[in-house]
Structure formats: structure tokens, C-alpha cells
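Hi,

I'm passing a structure on to you, as promised.

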Amino acid sequence: GLMWLQHGGNLRHTSEQNDGVSRYGWLMHDGENFGVQEIRDEGLVLRTEFVKQPGGEHGGDWSWRVTVKMESKGPAPLLSLFFYVATDGQGTLRPVLENGTRLAAVAGTAEELGDFTLTFLPPTEEGEEGPKYASYNFLAAGLPGLHRLTDLVRQSLRESSVFSPPGRPRRRFFGVSSTGGLPGEPPRGQLLLHQVTLEPPAALEVTLE
């Protein structure tokens, strides 16, 4: 799944009609192999596209591209995208870390999927060579149930992370920290979360093999 946070705003997870998200919906969808969805939230345009390649005994592979841009010109607010994978009672997840801070992939096993690898590629910007500058945070936590996902992430946010792009002012932002968690609630499953903080516009890809 995906959550997002425009720093200075609210953490978004599900698009409810009354929570200030001005518009959302599928632009194209065949119900099975591909879909394009667009969400507009306080000047942010967030588009998710997925395409699936059938095959094997577990439904095949898929890839997912998320693009973010601002509707207005001018300085872009800091934006965090939270890509997560969670189990609820069955299955195991193992983080694959790069430089100790960036969750590059999740290796997992689940009854319905067998063995799988979920890979998070670094963000890019249209027309630019190489990856776009971003800050990375990572969360691994026990999860009492999927209904508590948003609360768990919200409680683990700390305003102690610093976004420091080369040659530009440093800015503090809310990053996930594993000191969070929901005390007194025994875990049923696992949560692994990859937080990418950047200035729009940008595109990010996720693949599941």
C-alpha cells in the first residue's frame, strides 16, 4: 500500500470524500491487468499506474509507477511517500537494506504468493539523468492488525529527520522511527515500510516478482 504526507499537512492513507482530498478515482482500469488512478490533494497530483504480467502459479509479476507533481508553479513542499508491505497472521517478510537506511527490497513468503521480492527503485525526474535527491527512512514493526496500520505509522513519526539537498537549505521533516509502535497490543503480523522524502516532481517504481 501507499500513504503520503505533505509536510505541514495530514498523513493520508485512504481517500475519504470528507477528508479534504479534492478528487480521486480510476482513469483507466481493466479490472485485472492494468490501471491508472489519479488523486488530487491540496495542490498535489498523485498518479499511480500498475501493469501486471500473468504467469506462474501465483498470479504473475507486476510493476507500479507513482508520479507526483504540484499543480501550481513555485517552491514545492516536502512530500513523503510511504510504501509498505504488511502481513496479517501468516507469511514472513525480510528487509533488504542499502546503506543501512534505504529499504531497497522486501523478500517475503506468503501462502497465496509463494516466495516473492518487492523492489523499491530510487526516484527519478523526467528529463534528468540518474536518481533524484531524496531522504530515506525505514520502519519495521509488529502489527496488531491491518486496521491499526495508519495509527502505527502516525505514532512512529518524529520531527527529527533532516532533508539536506546539495547547495540548498536544510529542512526538518517527520520521519518514521522504530522507537514508535503500539504498546500493549500483541502483534499478529509484520509491517515493513519504505519512506521516501523529496520535492515534487518525481516518479518512483515498485516491482513485485
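First, some ground rules. This is a predicted model, so local features need pLDDT of at least 70 and side-chain atom pairs count only at pLDDT 80 or more, while totals for chains, interfaces and linings use all residues. Residues are numbered from 1 along each chain as its sequence is written, and side-chain values use heavy atoms, with hydrogens and water left out.

Let's start with the five-stranded sheet. It is open, with antiparallel pairing, and its order is β2-β1-β7-β14-β11. (Strands are DSSP E runs of at least two residues, helices are H or I runs of at least four, and both are numbered from the N terminus; two strands pair if DSSP finds at least two bridges between them.) At the edges sit β2 (11-12) and β11 (135-143), each pairing on one side only. β11 is joined to β14 (residues 189-198) by nine bridges, and the two run antiparallel. To find your way around there, look for A141, whose bridge partner in β14 is L191.

Helix α1 (residues 149-156) packs on this sheet and touches β1 (2-6), β2, β7 (79-86), β11 and β14. Contact here means heavy atoms within 4.5 Å. The direction of α1 makes about 130° with that of β11; axes are lines fitted to C-alpha atoms, for helices over the stretch in contact, and angles run from 0 to 180 degrees between N-to-C directions. Which residues of α1 are buried? They are L149, T150, L152, V153 and S156, where buried means under 20% relative accessible area, exposed over 50% and partly exposed in between (1.4 Å probe, protein chains only). They cover an arc of only 165° around the axis, so they lie on the same side of α1; the arc is that of the directions from the helix axis to the C-beta atoms.

Now for the eight-stranded sheet. This one is also open and antiparallel, in the order β3-β4-β5-β6-β15-β10-β9-β8. Its edge strands are β3 (23-29) and β8 (92-98), each with pairing on one side only. From one strand to the next, the twist averages 15°. Seven bridges link the antiparallel strands β6 (residues 61-70) and β15 (residues 202-208), and T67 has A203 as its bridge partner in β15.

Finally, take a look at G108 in strand β9 (residues 102-110). G108 is buried, with a relative accessible area of 7%. Beyond its neighbours within four places in sequence, G108 is in contact with T92, L93, G114, D115 and F116.

Cheers
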